[in-house]
Amino acid sequence: MCSNFLISIVCFSDPPYRLFFRVKFYVNDPAKLVEEYTRYHVFLQLRKDLIEGRLACPEGTAALLGSYAAQSEFGDYSPEDHGPDYLNGFQIIPGQSENFIKNVAELHKLHKGQSPAEAEFNFLEHVKKLELYGVDLYPAKESGDNAIGVGVSSCGVLVFRSGRREALYPWSSIMKLSFKKKLFSVYMRTLNEDNVEEDTVMLFNIQSPESCKALWKSCIEHHTFFRLIVPPAIPPKSIFSIGSRFRY
């Protein structure tokens with residue numbers, strides 16, 4: 001399975017315009033992507049996610065990931081070629097400290113002999129284990145006004161608390177998704193302890209109506225990309241049709 005790429009255009013007042021490509025859907029195991037060029041683009045996107053703080057991870061893991069990125073960028077560590085400041089300006093995570101960079105440099109020394117492709121492969125092998133890998137996350141609140149995060153990934157809808165995954169609602173159990181203003185609803189059908197089907201509705205208060213709609217749309221897109229086998233029949237066009245074209 002290939003990752004899907006999203007085109008982003010940054011428009012300024014006058015041409016020329018800047019065009020960016022980014023990964024939109026993250027596969028469960030990026031290291032299994034067949035094409036090396038595709039893996040390279042996923043590696044670059046995940047590097048950017050780390051740099052911009054969209055993919056949070058423990059500092060120790062970030063240092064290891066940074067060391068693989070350094071191996072890909074600089075090759076084998078050499079005292080003659082790489083002075084004490086060779087990683088200055090090499091961004092890995094937001095607000096990285098001097099001690100953090102020193103840890104990255106020490107770990108970089110351990111990767112001698114790895115080609116750029118091998119270093120990027122090892123980077124992907126470790127990054128896929130992060131709880132927030134491949135998650136499109138939105139700030140939300142639950143009953144009691146407690147802050148949580150509601151996200152969507154290839155597996156389904158997820159709930160995070162303090163950066164830790166608390167719940168996963170798999171696509172196979174979700175019957176319907178809906179939103180109204182800031183209220184996001186997940187309708188599920190699961191088996192109870194007596195092996196009897198029961199319907200459950202989970203309600204989440206998303207940060208804003210715009211974010212709520214964006215989350216719902218992201219869910220529809222992820223479900224379509226990862227679960228749809230046969231494209232649905234296209235409904236006949238009508239000049240009086242209103243509302244969203246997205247369906248679950």
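How many residues lie between strand 8 and strand 9 in their hairpin, and which residue in the turn has a positive phi?

## The model and its hairpins

The structure is a predicted model, in which local features need pLDDT of at least 70 and side-chain atom pairs count only at pLDDT 80 or more, while totals for chains, interfaces and linings use all residues. Residues are numbered from 1 along each chain as its sequence is written, and side-chain values use heavy atoms, with hydrogens and water left out.

To take up the opening question, 5 residues lie between strand 8 (183-191) and strand 9 (197-206), and Asn195 in the turn has a positive phi of about 65°. Strands here are DSSP runs (E, at least two residues), as helices are (H or I, at least four residues), and both are numbered from the N terminus. Strand 8 and strand 9 pair in the antiparallel sense over 9 bridges, where pairing requires that DSSP finds at least two bridges between two strands. Within this pairing, Leu183 has Asn205 of strand 9 as its bridge partner.

Another hairpin is formed by strand 7 and strand 8, with 2 residues between them, and Lys181 in its turn has a positive phi of about 55°. These two strands run antiparallel and are joined by 6 bridges, with Lys180 standing opposite Leu183 in strand 8.

Strands of a sheet pair through backbone hydrogen bonds, either parallel or antiparallel. In this model, an open sheet of 7 strands has the order 6-5-4-3-9-8-7, and its pairing is antiparallel. Strand 6 (164-170) and strand 7 (174-180) are the edge strands, each pairing on one side only. On average, neighbouring strands of this sheet are turned by 30° against each other, direction ignored; the axes are lines fitted to C-alpha atoms, for helices over the stretch in contact, and angles run from 0 to 180 degrees between N-to-C directions.

Helix 5 packs on the sheet and touches strand 3, strand 4, strand 5, strand 7, strand 8 and strand 9, contact being heavy atoms within 4.5 Å. The direction of helix 5 makes about 155° with that of strand 7.

## A pocket and a cavity

On a 1 Å grid over the protein atoms alone, a pocket is an open set of points with protein on both sides within 12 Å along at least five of seven lines, whereas a cavity is a set where a 1.4 Å probe fits but cannot get out; lining residues have an atom within 4 Å of a point. The second largest pocket is lined by 21 residues, and Arg22, Tyr26, Val135, Asp136 and Leu137 lie nearest its centre. Strand 2 (18-25), helix 1 (36-51), strand 3 (136-141) and helix 5 (209-227) are the elements that give two or more residues to this lining.

The structure also holds 1 cavity of 30 Å³ or more. Glu36, Arg39, Tyr40, Ala117, Glu120 and Phe121 line the largest cavity, and helix 1 and helix 4 (116-127) each supply at least two residues of that lining.

Technical notes: Grid points are joined across faces, edges and corners, and a volume is the space filled by probe spheres set on the points.
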